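Hi everyone, thanks for making the time this morning. Let me put it up on the screen.

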Amino acid sequence: MPPSKETLEALAISDGEYEAIVERLGREPNEVELGLFGSLWSEHCAYKHSKPLLRKLPNTSPRMLVATGQENAGAVDIGNGLAVVMKIESHNHPSAIEPYEGAATGVGGIVRDIFAMGARPIALLNSLRFGQPDTARNRYLFGGVVAGISEYGNCIGIPNVGGEVVFSDSYADNPLVNAMCVGIVPADKLISATTGAPGNLLMLVGADTGRDGIHGASGLASRSFEDDRELRPAVQVGNPFLEKVLIEACLELAESGRLVGLQDLGAAGLSTSSIETADKGGTGIRIDVSKVARRESGMTPYEVMLSESQERMLVVVAPDDASEVTKILDKWDLHATVIGESTGDGDVSIQDEGHEHGRLPVGLLTDAPLYRLTGVKPRWLTELQDFDLNQVPIPEESPADILLRLLASPNIASRLSVYRQYDHQVQTNTVVAPGGDAAVLRVKGTSMGIALATDGNGRKCYLDPHIGGMIAVAEACRNVSTVGATPIALTDCLNFGNPEKPEVYYQLEECVKGMSAASTAFAAPVISGNVSLYNESRGRDIYPTPIIGALGLLEDVSAHATMAFNHEGDIVVLLGSDEVRGDASSLAGSEYLENVHDKVVGRPTIDLDLEAAVQRVCRKAVAKGMVNSAHDCSDGGLAVALAESCIAGNIGFTGSFAMHGRWDAALFGETESRIVVSLPGDRLTQLEKLCSDEGVPTVVLGRVGGRRLTLGSDLDVDLGQVEDAWSGGLERAVGGEDGAFGSRL
C-alpha cells in the first residue's frame, strides 16, 4: 500500500521521487526502507539541488590529501609531516527551534567530523546571523545560541578562536548557526570512513540511542518550516562530557592502527553513517538493531535507524582486532557494541533478532536524483541594482556623529560580550585571540602557524549574488592575509532559501560562480563544506548567505601582524587606492546605507586582480617586518577601520589626507580590496617600492598618536568617546530585562 501524503511530506520525499523509488526498486518499499530513502535522498544528505553547482568550485591543489566531499572533512598538507583537517557546517533549523541545544549539538557534530578523520580538534569558529535585536524573540535566539556554543565548546576543551555575528531582519525567525572546526593530524595518519572489505565488524560506540532527532535530516533540515512546535522532537540533545571522552578514545584508536574506518553518526544517525561508509568501501552491510543499546523502551527498527542521538560513532574493525579495540574503549568507560558486519552482496540488510525488516541495494540509496534547475533573476533585483546612489542625501548629522552611530551598531560594535564566554586559550596554541581580522594559532613542534577566519555578507549577495560570492571569498582571504598568512584552503557553508523557487536557485547558482572565480584567483580550493537550503520562515527567504571559512599558513608564526596601532608616530597607509574617494557607488550594500538611510540598494563591485595583488603586498610586508599593523577595510568603511585600529591599540590617529567627492562615501563607503597598515616612517619607501612592483596603489592617510581620532577638518572626536560607543554597542542592543545572556533562557 503506498504511503500517505503526510508520510512522504514528513520524509521530504516528493511524489516523483517516490515513483522513481518504486520503479528502480521494482516494488513498494516498506516503512523502514522508505525511512532510509527519506534520509539518504534528503537535501541535507544528498545535496540534490546543489551538487551539480558545487562541482564548479575549484577543488584541487597539490596540498589536498582527500578529494572534496569524499570524507567527513577536507584535509591539506601544511608541511612538517602534518595536515590540517577542517570543515564548516550549519545547524540553522534546530537552532531556530531550540537555540541552546541546536547550537550546542551543531558544535558537537562538526567536532566529530574532525576527529573521525584521526585529527585532534584544535580550534572552533562560528558564523551567526539573527534578526534585529529589538525584539525579545531575536534576543532569546541570540542568547541561547551563544550559550549553547560556549558551554559545549568549553566543556570539550577546544578553543573558540573566532567568528562573526550579524543582525538583519532577513534572519528573523530563521537564524543561521554555522560552526567550523579545525584539527591537526600527521599527514600519513588520516582515517577514512569506510567499511573496508567484507567481513569487518561494525561497532556502535558512545551514547545510548533514543528517539531524539528522528527526521532531523529529512523533515527538519530539508524543507521549510512554519510552526516549530511540531518539530521540537527533531532537535537533538547533547552531552559535551561524553563527547570529550569520545575524542580521546577515538584518537587513541586511530593511533593504535587497528581501525578500518571511523564515522560520525550525524544527520539521520545510523542509517546514513553505515550506508555511506559501506558505499565508500564498496560493500554491503548487515545491521541487527536489537544489538543497539537504547535509553528508551519500545523503539522500533525504524526509530533506531533514524535516531539522531548525539555523541555516537561507528567504528569499523577487523574481527581479529575487536578485542583490542574493546579494551581501549573500556579504558575510557565507553559503551561499545558490535551491531553488524560488512558483507559482499552490496545490500543493506536491517534485522531485528533474526527477522529482516528491510533490504535495499547500497548503491540505490546513495544515488539520489539530482536537480539542475533554471534560475531566474528576480525582477525586483534590477530595480535595486539600478538605484541611483547619488540620490542618497548627505546626512545632516556630522561625520563624527555618524562614526559613533556606526561603531555602536550591533553589526560593528565589539563582540567581547560574546567571545568572553568562550575559552580561547585552552590547549595553549592561541597566538592572536578573537577580536581581530583572523585568529592565529601556533603549530606545536614547528615554527609554523595557521590563521583562521570566517566571513560572509548577505546584503551584498542579495544585491548581486555573483559579485557577492566573490566578495565573501575575498574578505575571508583578506582577513588571513592581514595577519600575514597565505590562504591555502577554504571551507564553505551555503545558506539559502527554497531552491525550488527559480529566484532562489538563481541566487545559489550565481553565488557559486562568484565563489569559484575568487577561489581560483587566490589559489585556495574549497576542500569541504555544507549546504543549508530551505532557510525561510513565514514565506520569506533569508538573504543568500555563503559563509566562507579560510585557512592561512604562516611559515613563521612569530612574523604576524595584528590590527592594533601600536607605535606613536607610525605612518598609516591605505593599500588598494591612490586617494580617498567618495564615490556614491561605494555605498552599495553598506552598513552605513542601511543604518543611516534604511536602504539596501546598489550594485557592489570588486576587482579580483587588484584584490589578489593587495593581499600579496600585505603578506610580504608583514613577512619582511615592514609594517606594525594591518587591518581589513570592510564593514563601515575607512573611518570605522581606522577607529578599530585605534581602539585595539589604545592610541589615537591624525589624518592628513584629502577627501574627494562625498564625505559620507569617502569615510563610510565599502570599496573592496583595501587594507590599512601602519609602519615606521623609514620603511615607507620600501613599502611603496613593494606596492609599485605589484601594481598596488597607495595613499598616506596620516600618523598614529595622541588621544583623538582626527580625519582632516571633518571629523575630530576623543578616543574615549570612540571606545565607549564601540565597546558597549552590542550589549546595549541586546540588553534589557529580557536580555540575551540569561541562563539557558
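Predicted model: local features only at pLDDT ≥ 70, side-chain atom pairs only at ≥ 80, totals over all residues.

As for charge, I find 61 positive and 101 negative side chains in the protein chain. The centres of those two sets lie 2 Å apart.

Now, the overall build. The protein chain contains 27 helices and 29 strands. Along the principal axes, its C-alpha atoms fill a box of roughly 85 × 55 × 50 Å.

Going inside, 63% of the 745 residues count as buried.

On to the aromatics. The structure holds 9 aromatic pairs. One of them is Phe37 with Trp41: the ring centres are 5.2 Å apart and the planes sit at 80°, so this pair is edge-to-face. Phe37 and Trp41 are both buried.

Another pair is Tyr462 with Tyr543. Here the ring centres are 4.6 Å apart with the planes at 35°, so we call the pair tilted. This pair links distant parts of the chain, 81 residues apart: Tyr462 belongs to helix α18 (residues 458-463), while Tyr543 is in the loop between β19 (540-541) and β20 (545-554). Both Tyr462 and Tyr543 are buried. Ring pairs also join these two tyrosines with Tyr171 and Trp380 in a cluster.

Last stop, a residue of another kind: Thr605. You'll find Thr605 in the loop between α21 (591-597) and α22 (608-623). Is Thr605 buried or exposed? Thr605 is exposed, because its relative accessible area is 58%, and the cut-off for exposed is over 50%.

Which residues does Thr605 contact, if we leave aside neighbours within four places in sequence? They are Ile467, Ile471 and Glu672. Take Ile467: 138 residues separate Ile467 from Thr605 in sequence, yet their C-alpha atoms are 6.4 Å apart in space.

That's my tour, and I'm happy to take questions!

Definitions and conventions:
Residues numbered from 1 in each chain as written. Heavy atoms only, no water. Helix = DSSP H or I, 4+ residues; strand = E, 2+ residues; numbered from the N terminus. Buried < 20%, exposed > 50% of the residue type's maximum accessible area, 1.4 Å probe, protein only. Lys, Arg positive; Asp, Glu negative; His and termini not counted. Charge placed at Lys NZ, Arg CZ, Asp CG, Glu CD. Phe/Tyr/Trp six-rings, centres within 6.5 Å; stacked < 30°, edge-to-face > 60°. Contact = heavy atoms within 4.5 Å.
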